[in-house]
4 protein chains.
Amino acid sequence: MIKTIKKIGVLTSGGDSPGMNAAIRSVVRTCAYYKVECMGIYRGYQGMIEGDFKDMGPRSVHNIVNKGGTILKSARSKDFMTPEGRKQAYENLVKENIDALVIIGGDGSFTGALVFNKEFGIPVMGIPGTIDNDIFGTSHTLGFDTALNTVVDVIDKIRDTASSHNRLFLVEVMGRDAGHIALNAGIGAGAEEILIPEENMGLERLLESLRRSKLSGKSSSIVVIAEGDKIGKSVFELKDYIDQNLPEYEVRVSVLGHMQRGGSPSCFDRVLASRLGVKSVESLLEGKSGYMVGLNNDKVELTPLEQAIKGHSEIDRELLKVSDIMSI
Amino acid sequence: MIKTIKKIGVLTSGGDSPGMNAAIRSVVRTCAYYKVECMGIYRGYQGMIEGDFKDMGPRSVHNIVNKGGTILKSARSKDFMTPEGRKQAYENLVKENIDALVIIGGDGSFTGALVFNKEFGIPVMGIPGTIDNDIFGTSHTLGFDTALNTVVDVIDKIRDTASSHNRLFLVEVMGRDAGHIALNAGIGAGAEEILIPEENMGLERLLESLRRSKLSGKSSSIVVIAEGDKIGKSVFELKDYIDQNLPEYEVRVSVLGHMQRGGSPSCFDRVLASRLGVKSVESLLEGKSGYMVGLNNDKVELTPLEQAIKGHSEIDRELLKVSDIMSI
Amino acid sequence: MIKTIKKIGVLTSGGDSPGMNAAIRSVVRTCAYYKVECMGIYRGYQGMIEGDFKDMGPRSVHNIVNKGGTILKSARSKDFMTPEGRKQAYENLVKENIDALVIIGGDGSFTGALVFNKEFGIPVMGIPGTIDNDIFGTSHTLGFDTALNTVVDVIDKIRDTASSHNRLFLVEVMGRDAGHIALNAGIGAGAEEILIPEENMGLERLLESLRRSKLSGKSSSIVVIAEGDKIGKSVFELKDYIDQNLPEYEVRVSVLGHMQRGGSPSCFDRVLASRLGVKSVESLLEGKSGYMVGLNNDKVELTPLEQAIKGHSEIDRELLKVSDIMSI
Amino acid sequence: MIKTIKKIGVLTSGGDSPGMNAAIRSVVRTCAYYKVECMGIYRGYQGMIEGDFKDMGPRSVHNIVNKGGTILKSARSKDFMTPEGRKQAYENLVKENIDALVIIGGDGSFTGALVFNKEFGIPVMGIPGTIDNDIFGTSHTLGFDTALNTVVDVIDKIRDTASSHNRLFLVEVMGRDAGHIALNAGIGAGAEEILIPEENMGLERLLESLRRSKLSGKSSSIVVIAEGDKIGKSVFELKDYIDQNLPEYEVRVSVLGHMQRGGSPSCFDRVLASRLGVKSVESLLEGKSGYMVGLNNDKVELTPLEQAIKGHSEIDRELLKVSDIMSI
């Protein structure tokens with residue numbers, strides 16, 4: 001028999017991403033809509049261990065749909081990796097009568113949720129929140145769309161100065177394991193080349209492409225590079241390499257960094273967050289557990305957390321070709 | 001036997017939308033990639049009739065991926081509704097050796113394309129460009145995503161002043177026949193109520209909802225209203241009606257208007273435009289004609305223009321419920 | 001002998017403007033810096049009458065420097081226009097041991113402050129917060145710079161669609177009595193003509209200018225119109241008039257409205273707010289009262305509130321000429 | 001006797017800055033207004049040497065008032081440092097009948113203009129275009145205001161993630177010799193500390209301040225650092241130093257780089273550019289030469305180029321104190 005859920009806890013964990021606040025708001029309001037209590041847990045699993053909880057009602061999430069970051073704060077928790085830490089966390093939940101959890105975060109956060117669920121049987125649902133879009137089972141993670149807009153806005157500015165000076169810019173964007181940001185933002189920003197972890201372009205081909213680019217009459221160029229690209233050089237080493245091999249270019253480097261994680265979420269991310277929040281609570285109330293809510297073919301669907309963690313979110317290879325054609 | 005296509009004409013028609021320039025750029029560069037000539041046609045069908053053409057190569061579309069509006073300009077053409085006008089247009093195409101067309105626009109533009117295709121046999125492909133997202137056969141039209149971001153950005157500003165003064169704002173957004181903008185931007189902006197053409201909410205239910213909103217402790221409220229809502233009153237009349245019936249509210253009106261059509265396209269719209277441009281040219285080169293290229297389940301697919309015109313792009317009813325829950 | 005000030009109250013009054021929160025933050029933190037207590041008063045004078053007060057320390061104003069609106073809310077107060085209302089307000093201040101006030105607002109708010117100061121002797125300082133820039137004694141009011149950026153951003157979007165369609169747009173901006181927004185934003189947005197309260201251009205000269213504009217080869221035009229212009233027609237009537245007299249133009253109207261009051265403040269407004277907040281508190285602590293802090297020749301200076309209220313903030317006539325030259 | 005000026009050349013030189021296009025537009029249209037011819041010179045002095053000229057009329061500068069970068073492109077020219085190079089440049093001007101120059105750029109560009117003016121007697125006027133605001137004789141250089149807004153927008157995003165994770169961010173902004181950007185954007189972004197070339201804060205005082213900041217209950221902190229600060233460590237070395245000495249902080253670095261030079265200019269910069277362009281041409285037509293047009297006390301005034309080059313644009317020390325108070 002399924003225990004009736006009367007109080008849901010919600011937390012954000014791992015790297016923050018735009019839309020997390022909209023998701024918190026949605027979880028809290030959906031709880032209120034279904035007359036279930038809701039409690040915010042601060043600083044992810046660490047706050048769960050330390051008992052850093054707060055009751056939340058519809059008005060506690062007033063005017064946050066458009067705010068970047070997470071009002072519940074986020075943190076990585078080493079303590080939660082120990083059985084003692086998790087036991088302490090569970091005891092705190094029991095004390096507060098929290099009988100289900102919504103976890104907003106990425107891979108690592110879901111792994112924690114699953115372990116916890118298996119150890120103590122408490123129902124959990126995951127909402128994919130990360131700008132990297134590297135989670136299996138959803139076409140879009142929360143914050144991905146916003147991060148793309150941030151990146152193209154910045155590259156638009158860089159292009160102003162690049163084309164005023166006929167320069168080549170190497171722009172490093174986030175993505176250690178996945179090239180989603182680089183590939184989409186690169187196409188969106190009109191990049192000449194895009195280097196991603198999924199493809200080994202090779203230095204020679206890059207030089208060749210830049211040479212051709214110059215010959216074709218392009219006066220300035222942007223190369224977008226994911227952190228985890230396979231070129232085997234840091235972006236600064238790559239600059240030196242191009243300086244030596246293509247002296248006709250004046251090369252500059254820009255590392256976008258953490259600004260990609262912040263900012264007011266795009267409409268897409270706000271709507272997605274609202275939808276996923278509703279579905280996560282409704283699924284718990286229907287007795288489901290151990291799933292991630294995600295977007296598939298524009299529909300909100302459930303994927304077992306186990307699959308979400310193990311699976312790999314492939315890049316769309318059509319985009320590689322589009323990028324190739326666009327940079328002619 | 002399919003005539004080999006050697007030269008493609010591209011035009012924008014109807015209301016402009018962000019991403020049209022990115023689509024033009026994509027069509028032009030894909031032609032270059034496949035070593036086919038490309039010609040821009042100014043001011044839509046009217047320019048086709050007047051012979052307002054220009055050769056375009058990869059460098060002619062330099063630095064426009066991020067620009068709003070359309071460098072080819074757009075216009076509505078009464079002359080193209082006459083057989084004489086279309087005959088003149090066709091003769092101009094023959095003179096310039098243009099043997100296929102890519103039409104970027106909405107319903108009306110596609111209807112023109114289809115008639116023209118039937119009369120003269122010239123292959124045509126359509127790219128859906130309109131902020132209204134009201135075209136069957138694609139989950140997203142070019143410019144829709146950008147318009148949503150524009151609308152939520154503006155409502156975020158309005159909410160600043162609304163909540164400083166505890167006011168109710170009626171915000172009218174575009175959408176004569178379709179509530180896509182109102183529904184998505186309304187959820188994204190945290191609107192209390194959303195009025196759309198697809199639903200007749202009724203004045204009484206609206207008043208009731210606003211009364212409840214006040215009682216629940218909300219200090220300010222936003223109602224998002226599509227132009228073509230079914231409430232039977234202009235937004236200004238609605239203000240008067242609320243003034244009379246809910247004197248506890250201080251009501252203000254904001255009509256967003258044409259700003260929704262402009263602005264630098266979002267990354268999503270730029271990538272979509274690039275993909276659709278590639279597919280439209282490739283399809284023509286494969287001998288296809290009479291289709292619209294669109295996005296279905298995140299894949300670029302073809303829909304017969306006839307269906308695209310006749311079909312109706314339904315709103316996602318899940319969003320109505322999400323909106324309902326969010327405004328608790 | 002000057003009574004030592006131990007506790008300062010701060011409120012926002014009248015129409016809100018971007019930068020008010022940054023000014024509140026500055027007042028609160030400057031109080032803390034000088035070890036003086038600080039109390040926020042909600043909803044302007046009305047909250048003072050109703051005793052709607054809250055202690056504020058440096059952390060209460062955390063993360064608001066970049067927020068539009070005012071966390072203290074604003075309201076117009078009829079009660080404060082009565083001696084009874086003001087008496088009640090004064091008694092509340094006495095009860096809370098507030099012995100000086102900083103008033104952030106416009107003309108009307110300063111008038112109230114002055115009357116109150118004369119009746120009860122409580123020291124007051126004013127910070128000019130209004131987007132209209134219509135206050136004598138400061139080159140810039142808080143929010144003016146931000147509003148200008150909001151207006152040019154929106155007109156940039158409108159121009160995208162205007163030039164795609166060869167249209168004429170009439171854009172109405174705020175400014176019932178002062179043309180500062182229209183004049184500056186008009187130049188910034190590249191407007192063909194600018195109609196302001198300070199000048200009576202006359203319908204004939206406007207038509208003449210638009211005719212010339214068309215002849216000079218301009219394909220699209222923007223006319224920026226202050227609410228209080230002297231043309232004697234509403235912006236919609238003006239559209240009809242141009243429709244009739246210049247049928248070669250396709251005219252559209254856009255009324256920007258309240259969005260101009262909101263939004264994250266520009267860096268200029270944030271820095272200005274910080275400077276004015278510091279000076280207002282320091283002046284009170286030096287025993288000064290009855291002044292407005294403002295910006296003159298880039299320096300923060302004091303102007304007697306009486307002068308600030310009576311004086312008129314003239315438009316810079318050099319700008320009229322610049323506008324004239326730019327629209328050639 | 002003053003030779004009547006019939007044709008003015010305009011160029012942009014040195015690092016580009018937002019507002020340069022608006023200034024070009026203003027110079028070109030002011031020439032047209034006074035019925036003087038105007039010629040654009042590409043790539044600064046280098047283009048002058050290579051004869052890279054183009055006639056410009058009012059329509060050539062259509063729709064550029066809002067564009068970042070410079071349509072005339074910019075470059076540094078070694079050849080112009082040689083007498084032969086300058087002679088070649090002069091001969092090109094003579095050939096094109098250009099009899100006066102407007103130079104938009106910074107210190108270095110003005111030095112070149114002055115040498116050229118002394119050697120060949122050709123009248124020159126300078127417009128200060130650089131984001132650094134480091135030119136004597138003007139309170140604001142073109143692009144400074146826009147760069148400040150870009151920086152605070154980015155730091156607002158960084159703060160979202162900083163406060164979600166309770167982190168300390170070191171944000172490096174432009175300014176090798178001048179702290180104007182760091183100081184203003186630091187105050188605008190609510191930075192805890194600001195390191196600038198004009199002040200040697202010293203490592204110990206910085207650590208002390210960060211320690212106090214932590215104790216005062218601040219959960220996250222931003223330190224804004226000008227490139228040319230006097231701390232004697234690179235921003236990455238500084239991170240390591242803080243990591244070792246303040247292990248309670250989790251430190252991250254962000255180097256903003258070239259994005260600060262690009263982007264659509266703010267309304268302030270557009271209006272300033274328009275005013276300076278008008279004045280530069282009018283001054284030439286009045287027979288003046290060897291001056292920079294700038295803003296002093298909100299008025300457009302002339303400063304001899306020699307002074308502009310030699311003088312130093314001091315930071316406003318009041319701002320240091322404001323920053324100090326705000327970070328309490």
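Putting chain A and chain B together buries about 4,500 Å² between them, and carbon and sulfur atoms give 54% of that area. Keep in mind that this is a predicted model. On each side of this A–B interface, 55 residues are in contact with the partner: 55 from chain A and 55 from chain B.

**Polar and charged links between A and B**
- Ten salt bridges are counted between chain A and chain B.
- To look at a salt bridge in detail, go to A:R275 and B:D316, whose side chains meet at 3.4 Å, N to O.
- There are also 20 residue pairs in polar contact across the interface of chain A and chain B, with both partners at pLDDT 80 or more.

**What chain A brings to the interface**
- Several elements of chain A each supply at least two residues to the side that touches chain B: the helices α1 (20-33), α5 (144-165), α6 (180-188), α9 (267-285) and α11 (317-326), plus the strand β11 (299-304).
- α9(A) gives the largest share of that side, with eight residues.
- Sorted by type, the residues on the side of chain A that touches chain B come out as 20 nonpolar, 19 polar and 16 charged.

Notes: Residues are numbered from 1 along each chain as its sequence is written. Chains are lettered from A and ligands numbered from 1 in the order in which they are written. This is a predicted model: local features need pLDDT of at least 70, side-chain atom pairs count only at pLDDT 80 or more; totals for chains, interfaces and linings use all residues. Side-chain values use heavy atoms; hydrogens and water are left out. Contact means heavy atoms within 4.5 Å. Buried area is the accessible area (1.4 Å probe) that two parts lose on being put together, summed over both. A salt bridge is a side-chain nitrogen of Lys or Arg within 4 Å of a carboxyl oxygen of Asp or Glu. A polar contact is a pair of N or O atoms within 3.5 Å; within protein, one must be able to donate a hydrogen and the other to accept it, and residues adjacent in sequence count only if both atoms are side-chain atoms. Helices (H or I, at least four residues) and strands (E, at least two) are DSSP runs, numbered from the N terminus. Ala, Val, Leu, Ile, Met, Phe, Trp, Tyr, Cys and Pro count as nonpolar, Asp, Glu, Lys and Arg as charged, and the others, Gly among them, as polar.
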